[in-house]
Amino acid sequence: MMRYPNVRLRRLRRLKGLQTLVRETNLSVSDFIYPMFITYGRNKRDNIEPMPGMYRLSLDLLVEETESISKLGIPAVLLFGIPSSKDSMGTEAYSEKGIIQEAVKLIKKTNPDLIVITDVCLCEYTNHGHCGLVENEQVDNDRSLDLLDKVALSHAHAGADIIAPSSMMDGQVYAIRKSLDSNGFNQIPIMAYSAKYASSFYGPFRVAADSSPQLGDRKGYQMDPPNVTEALREIRADIEEGADIVMVKPAMAYMDVIAKAKMEFELPLAAYNVSGEYAMVKAASENEWINGEKVAMEILTGIKRSGADMVISYHAKELAALLPQN
Ligand code: PBG
């Protein structure tokens, strides 16, 4: 009789070692990608108020910081830049001397083994705060592609290891793949923010990057949160356009999307544990309402269990010290 009292599921929970043997998901530092905000100036480590423990870091402090990230065993960083000024075309996003271009060069010179992923978008660089080019109060998809292309190429020239387009413009992966290939960068993988939802969980990030849309919102290009079949379509489209890694973002409220994407596609899958998810854990933890480290560990384990192969998380550094490095 295959039920109680013959079956006792507690047998495998009796000893720590037994639990280790039957553990189905092992979160590891090697799964982590750590996002960073880079800013101009000297000796700057500006607090980001809604993201305790996260900073806007100036270039001169970057070398030391990336060294400590590597020492923790974190294999990759994802870079976001705060430009010196914003304009309607997001010019600094594709300037050869832009903040991200400088940061990439510096990291690759001083810490060549650290994988540098660059976010390709315009919202941090445009005065209207939208992720593309605005014409008649609309984000013009195809003209935006020309600019995103330039951003991606400038990152590749600086030495980026992975290009991550996040603007949710149709055809962005195709456009970027084509121009990378025709400029001698056919070895650079694209990590596509494929299923990126129009989420209120990005609030703290927009404070950090000062990138809130000045007019309207992002619902005309980012996905509607209730949809999941559409997420699979978005991911499929990006794969057909040449994505090497696909992403679901945010993570916590979208674990069903992660699970379905993992079942449906063979590509490596990334999940972005975004700023609002981080901020909630930090706020509750600072109030001593939860144990922040343990909750963060549980969330990231859940994201991996749901199917993510890698997790982009602001918790990466604090959790790295507590995790095995394999
Ligand atoms: C750029 C971008 C955003 C995030 C990552 N890349 C902001 C947005 O789309 O508004 C959000 C990340 C986070 O909240 O941690 N488009």
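**Arg218**

I looked up Arg218 and found it in the loop between helix 6 (203–209) and helix 7 (229–241). For the elements I used DSSP runs numbered from the N terminus, helices being H or I of at least four residues and strands E of at least two. The model is predicted, so local features need pLDDT of at least 70 and side-chain atom pairs count only at pLDDT 80 or more, while totals for chains, interfaces and linings use all residues. Residues are numbered from 1 along each chain as its sequence is written, and side-chain values use heavy atoms, with hydrogens and water left out.

Arg218 is buried and has no salt bridge. Buried means under 20% relative accessible area, exposed over 50%, and partly exposed in between, with a 1.4 Å probe and protein chains only. A salt bridge is a side-chain nitrogen of Lys or Arg within 4 Å of a carboxyl oxygen of Asp or Glu. I searched for the nearest side chain of opposite charge and got Glu124, 7.2 Å away; Lys and Arg count as positive, Asp and Glu as negative, and His and the chain ends are not counted.

What does the side chain of Arg218 reach at 2.7 Å? I found the backbone oxygen of Gly129 there. I also listed the contacts of Arg218 (heavy atoms within 4.5 Å). Leaving out residues up to four places away in sequence, Arg218 touches Cys123, Gly129, His130, Cys131, Ala198, Arg206, Ser211 and Pro213.

I then went to Ser313, which is in strand 12 (residues 310–313). Ser313 counts as buried because its relative accessibility is 0%. Beyond its neighbours within four places in sequence, I noted contacts of Ser313 with Ile33, Tyr34, Pro35, Asn273 and Leu300.

His315 is in the loop between strand 12 and helix 11 (316–320). With 1% relative accessible area, His315 is buried too. Not counting residues up to four places away in sequence, His315 touches Asn273, Tyr278, Val281, Lys282, Ala296 and Leu300. I found a polar contact of 2.8 Å between the side chains of His315 and Glu318. A polar contact is a pair of N or O atoms within 3.5 Å; within protein, one must be able to donate a hydrogen and the other to accept it, and residues adjacent in sequence count only if both atoms are side-chain atoms.

**Salt bridges**

How many salt bridges does the structure hold? I recorded 13. One of them joins the side chains of Asp244 and Arg177, at 3.7 Å from N to O. Asp244 is in the loop between helix 7 and strand 10 and Arg177 is in helix 5 (residues 172–182), so the pair ties together parts that are 67 residues apart in sequence. Asp244 is partly exposed at 34%, whereas Arg177 is buried at 12%.

I looked next at Arg236 and Glu264, whose side chains meet in a salt bridge at 2.8 Å, N to O. This pair links distant parts of the chain, with Arg236 in helix 7 and Glu264 in helix 8, 28 residues apart. Arg236 is partly exposed at 33% relative accessibility, and Glu264 is partly exposed at 39%.

Asp309 and Lys262 form another salt bridge, with the closest N and O atoms 3.1 Å apart. Here Asp309 is in the loop between helix 10 (292–305) and strand 12 and Lys262 is in helix 8, distant parts of the chain 47 residues apart. I also noted that Arg45, Glu65 and Lys317 are linked in a network of salt bridges.

**Backbone**

Most residues other than glycine have a negative phi, and most peptide bonds are trans. I found a cis peptide bond between Tyr4 and Pro5, with omega about 10°; Pro5 is in the segment before helix 1. A cis bond also joins Lys249 and Pro250, with omega about -5°. Pro250 is in the loop between strand 10 (245–249) and helix 8 (255–264).

Asn43 has a positive phi, near 55°, and is in the loop between strand 1 (32–39) and strand 2 (45–47). Asn43 counts as exposed because its relative accessibility is 60%. Asn136 has a positive phi near 50°, in the loop between strand 6 (133–135) and strand 7 (138–140).
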